[in-house]
Amino acid sequence: MNAQPRRVENIATDRGVIPQYATGVVEQPWSDYSAADHQVWATLFQRQRELLPGRACSAFLDAQHALGMTPDAIPRFDQLNRHLRAASGWELIGVEGLLPEAVFFEHLARRRFPVTWWIRRADQLDYIAEPDLFHDLFGHVPLLMNPVFADYMQAYGQGGLRAQREFSDEALLNLTRLYWYTVEFGLMREPAGLRIYGAGIVSSKGESIYSLESPAPNRIGFDLERVMRTRYRIDSYQKTYFVIDGFEQLFAATQQDFAPIYPRVVGAPAIPAGAVQEDSDTVLHRGSREGWAEGADA
């Protein structure tokens, strides 16, 4: 492990953001967090916990409570790991920033979830380009307490490693889209209505409201190949959200052999982020498109 963890952030230029990658595993320097760091955690934690009841899925809220997360201070990874290991066999590891795909897949395949050790500044409360401690810890970690979702995450990592060994870069892009539209920006149907489970939504005040209440985006039933072909937005709220019926649906999707799927999705045209496939989509809500960002999809 690196003795002195670094804060590895993306570089902003006049031509856009240049991703910066780190590969090291570091100890969480908990005693080095400043009062300002703990205050950022408290502000974000309290804001989201006020918003999420009635919006986040019950599994997320129950798991976050079981982990003992509070606004009092940034949680300690070692304390959270006691709960995670007992519940699902996962553990957190500290990292310095964004990881290369191969490193990320390897950690997931071994039931290790990378958490960025540093937290955003007070002037970045509403948006930060890369994952930070709040996004990773608040958004991703609670659902690792759920055994079915935890197995999905491991299967995803194993699938990523296999795709790198046996398939093309285009296949990896298809996997990236799957992660984006499920782990980061997924919605779920519960008896009381649509709920959030994606970490990119539950850690964002604006998207927690927008994803469920705005008439602008499409909300479409989950279909594996459809998701793997769909472009997404990295510079705005999503134009389309895919809705699952339960985590078992995700796990079943990743348990099948992707070898015959990749040629179909790689060979088919990519679907724009806001498009609706009239002949095949299960459309739960057709978006009004109001306020949609212009420009190219990722």
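Analyst: A helix here is a DSSP run of H or I with at least four residues, and the model to which this is applied is a predicted one.

User: Why is H1 called a helix, and how does its reach compare with the span expected?

Analyst: H1 covers residues 35-51, which is 17 residues, and a helix needs at least four. From its first C-alpha to its last, H1 reaches 25 Å, close to the 24 Å expected at 1.5 Å a residue.

User: What makes a residue of H1 buried, and which residues are these?

Analyst: Buried means under 20% relative accessible area. Those that qualify in H1 are Asp37, His38, Val40, Trp41, Ala42, Leu44, Phe45, Gln48 and Leu51. Their cover includes helices H2 (58-67), H5 (133-140), H8 (199-202) and H9 (205-213).

User: Which element gives the most to the lining of the largest pocket?

Analyst: A lining residue has an atom within 4 Å of a point of the pocket. H7 gives the most, with four residues. The pocket itself has a volume of about 1,500 Å³. Of its 46 lining residues, the closest to its centre are Ala129, Glu130, Pro131, Trp180 and Glu184.

User: What makes the largest cavity a cavity, and which classes of residue line it?

Analyst: The space is called a cavity because a 1.4 Å probe fits there but cannot get out, whereas a pocket is open. The volume of the largest cavity is about 30 Å³. Its lining consists of Gly139, His140, Leu143, Phe149, Val183, Tyr197 and Ala199.

Technical notes: Residues are numbered from 1 along each chain as its sequence is written. This is a predicted model: local features need pLDDT of at least 70, side-chain atom pairs count only at pLDDT 80 or more; totals for chains, interfaces and linings use all residues. Side-chain values use heavy atoms; hydrogens and water are left out. Helices (H or I, at least four residues) and strands (E, at least two) are DSSP runs, numbered from the N terminus. The expected span of a helix is 1.5 Å times one less than its number of residues. Buried means under 20% relative accessible area, exposed over 50%, partly exposed in between (1.4 Å probe, protein chains only). Contact means heavy atoms within 4.5 Å. On a 1 Å grid over the protein atoms alone, a cavity is a set of points where a 1.4 Å probe fits but cannot get out, and a pocket is an open set with protein on both sides within 12 Å along at least five of seven lines; lining residues have an atom within 4 Å of a point. Grid points are joined across faces, edges and corners, and a volume is the space filled by probe spheres set on the points.
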